[in-house]
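Take a look at the sequence and the 3D structure below. Keep both in view as you read.

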Amino acid sequence: MDLANGFRHEQELHQRLLAGDVVASAEIAEQLLFAVIQQMRRRYPQLDEPHRVDEAVHDAFMTYFQHPERYNPEKSSLAAYLLMSAEGDLRNNLSRHPVPTLPLDTIEGELSLVDVEESSEPVQPWWVRWPWLSRQVPDSQDRLVLGLMLDQVRPTAAYVGILGIEQQSRAEQRAAVKRHKDRLRKRLRRLINPADLRMYG
Amino acid sequence: MADDPLSPQMQQLAALARRLESDEQFMAWVLKQYRALEQLTPEALVRQLEATPEQVVRLALCKKPDLRSSQFESQLEQIAAYTQIPVDGLRAILKRIHQP
């Protein structure tokens, strides 16, 4: 199933869930649960307790099943909405029960804002600083795009569902994704003083 | 079939189904109530439904049909068609847990 058909199928399932269809929840779980869990595990590879990722995703699905009306199909794909919901749950969970941090990649390097080899200081992974970052990027769509950029996800297809541009041609999609990413990079360059960032957290 | 390990995808669906056992809207809750009433193991329930573990996981993720609704039979047929579990067994379980 290509992206456009996948998006349409998601929306049909969502409408069926809203209408009280008794098998829609099962079909949604079959179609999206594993993909969302895999995406979350890729985003949080440093987490030593992967069950916390799984629980966060399960919570996101359960909340969606209880309140499907909270999802707005005009803002994002259903998969992106569930991913964002799961990330919110996980970050809340991590802030209450933090895990040890590791001196891995820096946000500066991940976004190509500065040359990380200039600094030999160990810094925390970007997701530890996510609460601060997310305050700088209040738009939920921007936050999802930023999350993928920080994960160094390159394929345009990964951004298409978030930006709701499934109907556009591949060339238009590439251009739109590039514009969105460039705008976010520019914004973060204005906001981030790399020296401050190293000290943050 | 009970000896076959579930695929990673199916294991995740089964984990979600276990979480949904606390939600009365779901067949997961119905199956848990029924097993308690009849003192059945999960494997015995699978056998009784003439199903596979995968089919029962899919069943657990479905919403519970409303016995009082005029759509009850059509909803039951829809679940049976989706899960490929015989409809008579599903009807019997739903009626059993709603007996006063």
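## About the model

This is a predicted model: local features need pLDDT of at least 70, side-chain atom pairs count only at pLDDT 80 or more, and totals for chains, interfaces and linings use all residues. Residues are numbered from 1 along each chain as its sequence is written, chains are lettered from A and ligands numbered from 1 in the order in which they are written, and side-chain values use heavy atoms, with hydrogens and water left out.

## Chain A

Chain A has 10 helices and zero strands. Helices (H or I, at least four residues) and strands (E, at least two) are DSSP runs, numbered from the N terminus. Along the sequence, the pattern of chain A reads α-α-α-α-α-α-α-α-α-α.

Chain A holds 201 residues, and 48% of them count as buried. Buried means under 20% relative accessible area, exposed over 50%, and partly exposed in between (1.4 Å probe, protein chains only). Now take the contacts in chain A with a separation of 6 or more: 62% of them join residues 24 or more positions apart. Contact means heavy atoms within 4.5 Å.

## Chain B

Chain B has six helices and zero strands. Of its 100 residues, 48% are buried. Chain B exposes about 5400 Å², and carbon and sulfur atoms supply 47% of that.

## A helix inside chain B

Why is helix α4 of chain B largely enclosed by the rest of the structure? Seven of its eight residues (53-60) are buried, so the rest of the structure largely encloses it. The buried residues of α4(B) include Pro53(B), Glu54(B) and Leu59(B). What do they pack against? The partners are α1 (8-19), α2 (27-38), α3 (42-48), α5 (72-83) and α6 (87-97) of chain B.

## Where the chains meet

Chain B brings 21 residues to the contact, and chain A brings 23 residues. About 1900 Å² is buried between the two chains, and carbon and sulfur atoms give 64% of it. Buried area is the accessible area (1.4 Å probe) that two parts lose on being put together, summed over both. In chain B, Gln12(B), Leu16(B) and Arg19(B) lose the most area to chain A, together 33% of what that side buries.

There are two salt bridges between chain B and chain A. A salt bridge is a side-chain nitrogen of Lys or Arg within 4 Å of a carboxyl oxygen of Asp or Glu. Glu30(A) and Arg58(B) form a salt bridge through their side chains (3.0 Å, N to O). On the side of chain B that touches chain A, α1 and α5 of chain B each supply at least two residues. The largest share, seven residues, comes from α1(B).

## A residue in chain A

His14(A) sits in helix α1 (residues 3-18) of chain A. Is His14(A) buried or exposed? His14(A) is buried, because its relative accessibility is 1%. Leaving aside neighbours within four places in sequence, His14(A) is in contact with Ile28(A), Tyr64(A), Pro68(A), Tyr71(A) and Pro73(A).

Terms used:
Areas by Shrake-Rupley, 256 points an atom, 1.4 Å probe, with all protein chains shown as cover.
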